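Please prepare a short briefing on the structure below.

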Amino acid sequence: MRTPRLPRRLGHGEEATLVEHLEELRQRLFVCIGAVFVGFVLAYIVHNELIDLLTRALPPEKRKLTTLTIGEPFLTSMWLSLYAGFVLALPVLIWQAWAFFLPAFDAGHERILRIFVVISVGLLVVGLLFGYFLALPAAAHFLTNYDKTQYTILIRARDYIGFAAKVLVAMAIVFELPLFVVGLTRIGILSTRQLRRSRRIGYFVVCCVAVALPGVDPATTTFEAIPLLLLYEGSIWASVLLDRRAARSAEPIAT
């Protein structure tokens, strides 16, 4: 019986056939699926606590959620666990993606990969905290108080839990933007000069992304757009600083 093993990463510049690349990709996809499954199981174990945390963003009088079908509590717990499992597995997904593409570039980028994975975890946590303490409460307050004299608002469990989970997952991904942009500049797909010259176009694209993210209200869209803009600008300056540092390191030492 064959024991499972982690995918073998190709060496820098190592020749490989299409079949070998596809086999590596298949193995890495299995690792990603396994990471999401483990995260799903861990999240399901504490799904009651997760639901309690999400409902705290609602006004106190609206925290008792409503279900309309017999299977809704179970399915809601499943979907919430899946969203949480994806967030828990996100550092592994990022690692696998970078490890697959890294051999196409020079060996000096291996250290960058390891640093990026560590930073991605930090940005993930910051994004979740921002979404939970700022974006989600603002959206919940706006939506539950909109024309409340005209409507009796009953908050359905499936709809609210799905909305809250999507907002938090979106914020977690949004806060990975600097990592993505800096990574593209490090491997040469983008240059800092292109980023600085196309700053206005970048702002427009970022605003379009914010509108496309989960959220049907202006409060959520605003709280998603502001960090996106700040993170995009920060990623440009981070890329500039790294370029200058690389240039200084490449300068010959005077004798």
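Leu-88 counts as exposed because its relative accessibility is 52%, where exposed means over 50% relative accessible area, buried under 20% and partly exposed in between (1.4 Å probe, protein chains only). Leu-88 sits in helix 3 (residues 72–101); helices (H or I, at least four residues) and strands (E, at least two) are DSSP runs, numbered from the N terminus. The model is predicted, so local features need pLDDT of at least 70 and side-chain atom pairs count only at pLDDT 80 or more, while totals for chains, interfaces and linings use all residues. Residues are numbered from 1 along each chain as its sequence is written, and side-chain values use heavy atoms, with hydrogens and water left out.

**Surface patches**

- Leu-88 belongs to a nonpolar surface patch of about 650 Å², together with Phe-37, Val-38, Val-41, Leu-42, Ile-45 and Val-46.
- Patches are made of residues with over 30% relative accessible area and no salt bridge; like charges are joined within 9 Å, and nonpolar side chains (Val, Leu, Ile, Met, Phe, Trp, Tyr) within 5 Å.
- Helix 1 (residues 18–45) contributes the most to the nonpolar patch, with 5 residues.
- A surface patch of positive charge brings together Arg-111, Arg-196, Arg-244, Arg-245 and Arg-248.
- For charges, Lys and Arg count as positive and Asp and Glu as negative, with His and the chain ends not counted; the place of a charge is NZ of Lys, CZ of Arg, CG of Asp or CD of Glu.
- Helix 9 (residues 218–250) gives the most to the positive patch, with 3 residues.
- Arg-111, in helix 4 (residues 110–145), is exposed because its relative accessible area is 61%.

**Overall make-up**

- The protein has 9 helices and 0 strands, in the order α-α-α-α-α-α-α-α-α along the sequence.
- Of the 255 residues in the protein, 39% are buried.
- The protein exposes about 15,800 Å², of which carbon and sulfur atoms supply 68%; accessible areas come from the Shrake-Rupley method with a 1.4 Å probe, and for residues only the protein chains shown count as cover.
- Among contacts (heavy atoms within 4.5 Å) between residues at least 6 apart in sequence, 80% join residues at least 24 apart.

**Salt bridges**

- Side chains of opposite charge can pair when their charged atoms come close.
- With a salt bridge taken as a side-chain nitrogen of Lys or Arg within 4 Å of a carboxyl oxygen of Asp or Glu, the count is 6.
- Glu-72 and Arg-156 form a salt bridge through their side chains, at 3.1 Å from N to O.
- This pair links distant parts of the chain, 84 residues apart: Glu-72 is in helix 3, and Arg-156 is in the loop between helix 4 and helix 5 (157–174).
- Glu-72 counts as buried because its relative accessibility is 2%.
- Asp-159 and Arg-158 form a salt bridge whose closest N and O atoms are 3.8 Å apart.
- Asp-159 is partly exposed at 45% relative accessibility, and Arg-158 is partly exposed with a relative accessible area of 45%.
- Arg-199 and Glu-233 meet in a salt bridge between their side chains, at 2.9 Å from N to O.
- Arg-199 lies in helix 8 (residues 199–212) and Glu-233 in helix 9, so this pair ties together parts that are 34 residues apart in sequence.

**A buried serine**

- Ser-120 is part of helix 4 and counts as buried at 1% relative accessibility.
- Beyond its neighbours within four places in sequence, Ser-120 is in contact with Pro-91, Ile-94, Glu-176 and Leu-179.
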